[in-house]
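Here's a quick briefing for anyone opening this one up for the first time. Take a look at the sequence and the structure, then read on.

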Amino acid sequence: MTLEPTPVQRSAGPFAHPALFYRGATEYAAGVGGFVRAALAASEPVLVAVPGERLDLLRDSLGPAAAEVESADMTALGRNPGRILARLREFAAGHRGRTVRIVGEPIWPGRSAAEITEATRHEALVNLAFRGTAATVLCPYDTAGLPPAVLTDARRTHPTLVRGGTSRPSRAYTDPALMAAACDTPLPEPPGARELVYGPGRLAQVRDQVHGWAAAAGLGLARTADLVLAVGEATANSLAHGGGLGRLRLWTADGHAVAEITDSGRLTDPLAGRPRPALAAADGGRGLWMIHQLCDLVETRVGGAGLTLRLHVRMGPGIP
């Protein structure tokens, strides 16, 4: 990303969002383990959401104290980065009135470029979602295994940097809304996509097209149902909020069935679809939130022509 850092006012509230730069298992256990031990010593609730192998390392490091920590395997929780924020906010809300500590590692070696972009967007949005909340969200970054560009963006999405036990302000920290917008990079054009333009009265046809295409592509019954429902929510939003017309494209790539929905809509709230919407809300982003739960990756782009959602669902046996 090429966005230049924009100095912003540091929040005077209780929320903190440091990035921990680590190299190797020893530094990881010291940095993350020390953060968790400090929370437990202060009787603060802790959630640790990191890749499974890192969870095992922390459990070994913490010993019996690991039983006091709520945990989640980030490779499952954060497979689609758009799901992460809801889980973190629900943890904080479950301990309302108390200071909470969270470890969240949304980017790890092996992530695809598309996943990294959406995880970077997530990191920027954490600053908006938790502003004024009594919480610290520590985000570890593997300096040996991640590309330099990822570490550069980590400096832009975190007000504070921690390395070698030393904490300092990040001079590159960028306004979170601007940083999230910087993630709206051009999407690569798909080869040989099936295309359908839809409008009022054609949503049933859209669902039938997606179902038939996904079944022919070998997606499987359960995952086909997920994709059909996700596309149904997205296309219905096009009619309600995206000018009443839209374009659907379907293709397969890298072991995924991909559906792209483009319309003339806008996302005025960068957090739309991230937190779990209230049941009583009139709209509240329920459709977009559901799309995030159903898909393995959701790429969001807001541009001059409107809104694009690119939905990825993994193919193959054993995919939940």
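What percentage of the 320 residues of the chain count as buried? The answer is 51%. Keep in mind that you're looking at a predicted model, so the values below are computed from that model.

**Overall build**

- The chain has 10 helices and 12 strands.
- Its C-alpha trace spans about 60 × 45 × 40 Å along the principal axes.
- For 320 residues, you'd expect a compact globule to have a radius of gyration near 20 Å, and the chain agrees, because its own value is 20 Å.

- The structure holds 18 salt bridges, and a few of them are worth a visit.
- Start with Arg111 and Glu115, which form a salt bridge with their closest N and O atoms 3.8 Å apart.
- Arg111 has a relative accessible area of 9%, so it counts as buried, and Glu115 is buried too, at 14%.
- Next up are Asp153 and Arg156, whose side chains meet in a salt bridge at 3.1 Å, N to O.
- Both Asp153 and Arg156 sit in helix 6 (residues 148-157), and because they are 3 residues apart there, about one helical turn separates them.
- Asp153 is buried at 8% relative accessibility, and Arg156 is buried at 11%.

**A link between two strands**

- Arg247 and Glu260 also form a salt bridge, and here the closest N and O atoms are 3.5 Å apart.
- Arg247 belongs to strand 9 (residues 246-253) and Glu260 to strand 10 (residues 256-263), so this pair ties together parts that lie 13 residues apart in sequence.

**A salt-bridge network**

- Some salt bridges share partners, and that joins Glu118, Arg121, Asp184, Arg274, Glu299 and Arg301 into one network.

**A positive patch on the surface**

- Which residues gather in a patch of positive charge on the surface? They are Arg23, Arg163, Arg168 and Arg171.
- You can find Arg23 in the loop between strand 1 (18-22) and helix 1 (24-41).
- Arg23 has a relative accessible area of 53%, and since exposed means over 50%, Arg23 counts as exposed.

- Ser43 is not a glycine, yet it has a positive phi of about 60 degrees.
- To find Ser43, go to the loop between helix 1 and strand 2 (46-50).
- Asp254 is not a glycine either, and its phi is positive as well, at about 55 degrees.
- Where is Asp254 found? Look in the loop between strand 9 and strand 10, the strands that hold Arg247 and Glu260.
- Asp254 is exposed, with a relative accessible area of 77%.

Note on methods: Residues numbered from 1 in each chain as written. Predicted model: local features only at pLDDT ≥ 70, side-chain atom pairs only at ≥ 80, totals over all residues. Heavy atoms only, no water. Patch = residues over 30% accessible without salt bridge, like charges linked within 9 Å, V, L, I, M, F, W, Y side chains within 5 Å. Areas by Shrake-Rupley, 256 points an atom, 1.4 Å probe, with all protein chains shown as cover. Salt bridge = Lys/Arg side-chain N within 4 Å of Asp/Glu carboxyl O. Lys, Arg positive; Asp, Glu negative; His and termini not counted. Charge placed at Lys NZ, Arg CZ, Asp CG, Glu CD. Helix = DSSP H or I, 4+ residues; strand = E, 2+ residues; numbered from the N terminus. Buried < 20%, exposed > 50% of the residue type's maximum accessible area, 1.4 Å probe, protein only. Rg over C-alpha atoms; globule rule 2.2 N^0.38 Å.
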